[in-house]
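Here is a short report on one protein chain. It starts with the overall fold and ends with one residue.

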Amino acid sequence: MQHRVRAVLLTPNNTTLLIKRIRPGIDPYWVIVGGKIEPTDASPEDALQREIHEEIAGDAQIVSLLHTLETDEERQDFYLATIDKWSFEDRTGPEFSQEGRGEYLLEEIPLTTEALDAINLLPQEIASVLREAVERGELFASS
């Protein structure tokens with residue numbers, strides 16, 4: 001089973017950092033920063049820090065586990081984390097240089113139900129979890 005970790009990154013601007021994916025023949029969609037755990041990672045949290053550094057050249061403070069999605073093929077752990085500094089231009093992830101992978105754009109999305117409803121955040125289950133957390137005021141946002 002593939003094990004992935006992702007970070008719902010909360011910024012001081014009351015936004016979250018998401019990656020907008022643009023691929024030929026597919027409508028644009030947004031994903032949460034993260035990726036698969038490698039054998040060299042000491043822990044899921046270590047893997048998450050590595051992925052954040054690779055994808056946005058950032059250093060986040062992990063707050064807590066927010067949600068887990070599990071299928072027969074894959075487990076994804078979504079962590080809540082705070083981040084103050086990042087540099088999308090300094091990212092180092094190998095996927096960014098692979099041909100045919102499409103575009104990766106970093107976007108700050110306001111933590112409001114309206115902003116979350118306006119994008120196609122995948123997977124849809126985590127979009128619902130985030131929306132509900134915003135509605136309950138759990139993500140430092142007003143809805």
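## Fold

The protein chain has 3 helices and 7 strands. Helices (H or I, at least four residues) and strands (E, at least two) are DSSP runs, numbered from the N terminus. From that end, the order is β-β-β-β-α-β-β-β-α-α. The radius of gyration is 14 Å, close to the 15 Å that the globule rule gives for 143 residues, so the chain is as compact as a globular protein of that length. The radius is taken over C-alpha atoms, and the rule is 2.2 Å times the number of residues to the power 0.38.

This is a predicted model: local features need pLDDT of at least 70, side-chain atom pairs count only at pLDDT 80 or more, and totals for chains, interfaces and linings use all residues. Residues are numbered from 1 along each chain as its sequence is written, and side-chain values use heavy atoms, with hydrogens and water left out.

## Burial

Buried residues make up 41% of the 143 residues. Buried means under 20% relative accessible area, exposed over 50%, partly exposed in between (1.4 Å probe, protein chains only).

## A look at Asp 77

Asp 77 lies in strand β6 (residues 74–83). Asp 77 is buried, with a relative accessible area of 3%. Its contacts (heavy atoms within 4.5 Å) include Val 5 and Leu 65, not counting residues up to four places away in sequence.

Pro 44 is 33 residues from Asp 77 in sequence, and 8.5 Å away in space, C-alpha to C-alpha.
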